Amino acid sequence: MKNYDKEVHPKGEMLSDNQRVLRVTVLKTFLKAGVPLQKMDDFRELLEEGGYRLTSVPNMRQLIPFVRKEEEEMIKGEISGHNVSVIFDGTTRLGEALAIVVRFITADWEIKQRLVRLQLIAKSLKGDELAREIITVLAQQYNVQNSILCAAMRDGASVNGAAMRTVKVVFPKVVDVRCFSHAIDGIGSHFNIRFLQLWNALFGHSPATRIAWKERTGISNKSYSPTRWWSWWEVANQIMLQFAEIHPFLQARLQEAANKATLRQLDEMLANAQTKLLLQIELAAVVDAGKPMVE
């Protein structure tokens with residue numbers, strides 16, 4: 001804190017060490033808990049029970065750079081002497097939110113991750129701009145030497161690939177790893193069975209059908225989500241396990257439901273013996289091939 005005082009000369013620098021430490025501790029606690037700092041006044045009576053007074057919320061905010069600096073120094077100490085990898089990605093949020101994470105393994109073989117940059121920027125970064133941010137954070141802010149950055153993980157967006165070409169100039173030993181989750185994600189596009197499309201449409205548009213299915217089988221139907229490719233597999237797996245119940249269920253719904261177009265298409269597929277057998281084989285293949293990928 002004394003070094004910080006010399007640089008910044010913050011308000012309250014002449015107070016006792018104990019009082020200032022309390023303020024920093026309170027600030028760090030609010031930040032870690034994700035509690036908005038303006039709510040500090042609601043806790044003031046409790047926090048000041050020890051006899052030390054807090055300051056106003058605007059004055060407390062002035063200590064945030066100090067807390068951030070302490071966190072940076074702590075992370076520097078943690079990664080010092082270790083090989084590290086970096087994970088980075090951006091996501092649209094009014095402009096762009098850029099996150100950079102470092103990962104390392106301790107002497108006790110524990111995997112640790114630390115968020116080292118979360119930056120809101122007005123627009124998406126280009127490849128050279130993104131590379132500049134990564135290099136600045138690693139080389140300048142956290143003193144990561146070019147010999148200890150061993151890998152970089154990112155998705156397949158073109159801007160990330162362009163950034164990595166520049167990053168590898170400064171960190172020549174880095175291994176460029178495209179995201180396994182995104183690679184596996186592409187597999188889901190091959191699990192697309194026509195029967196599943198109609199089945200998902202049937203349940204997605206009719207709460208009554210979902211209720212009827214649960215009443216008949218005793219289990220809730222697995223739902224499909226376009227942002228979770230493995231939900232295709234979950235639906236296929238359930239249909240395969242409950243295959244004997246499918247056709248009787250569809251025929252019963254044909255007698256009850258008002259909108260029968262989708263029901264008729266599904267019923268026609270199962271009414272044909274050859275189509276029904278091919279569907280079973282197709283479902284078995286999808287479930288068998290997809291299981292290790294989903295796991």
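Let me start with K112, which forms a salt bridge with E110, the closest N and O atoms being 3.8 Å apart; by salt bridge I mean a side-chain nitrogen of Lys or Arg within 4 Å of a carboxyl oxygen of Asp or Glu. This is a predicted model, in which local features need pLDDT of at least 70 and side-chain atom pairs count only at pLDDT 80 or more, while totals for chains, interfaces and linings use all residues. Residues are numbered from 1 along each chain as its sequence is written, and side-chain values use heavy atoms, with hydrogens and water left out.

K112 is partly exposed, at a relative accessible area of 25%, and E110 is also partly exposed, at 41%, where buried means under 20%, exposed over 50%, and partly exposed in between, with a 1.4 Å probe and protein chains only.

Turning to another pair, R117 and E133 meet through their side chains in a salt bridge of 2.7 Å, N to O. This pair links distant parts of the chain, since R117 sits in strand β3 (residues 111-121) and E133 in helix α6 (residues 127-141), 16 residues apart; helices (H or I, at least four residues) and strands (E, at least two) are DSSP runs, numbered from the N terminus. R117 is buried, with a relative accessible area of 13%.

A further salt bridge brings together the side chains of K123 and E129, at 3.8 Å from N to O. How many salt bridges does a search of the whole structure find? The search gives 12.
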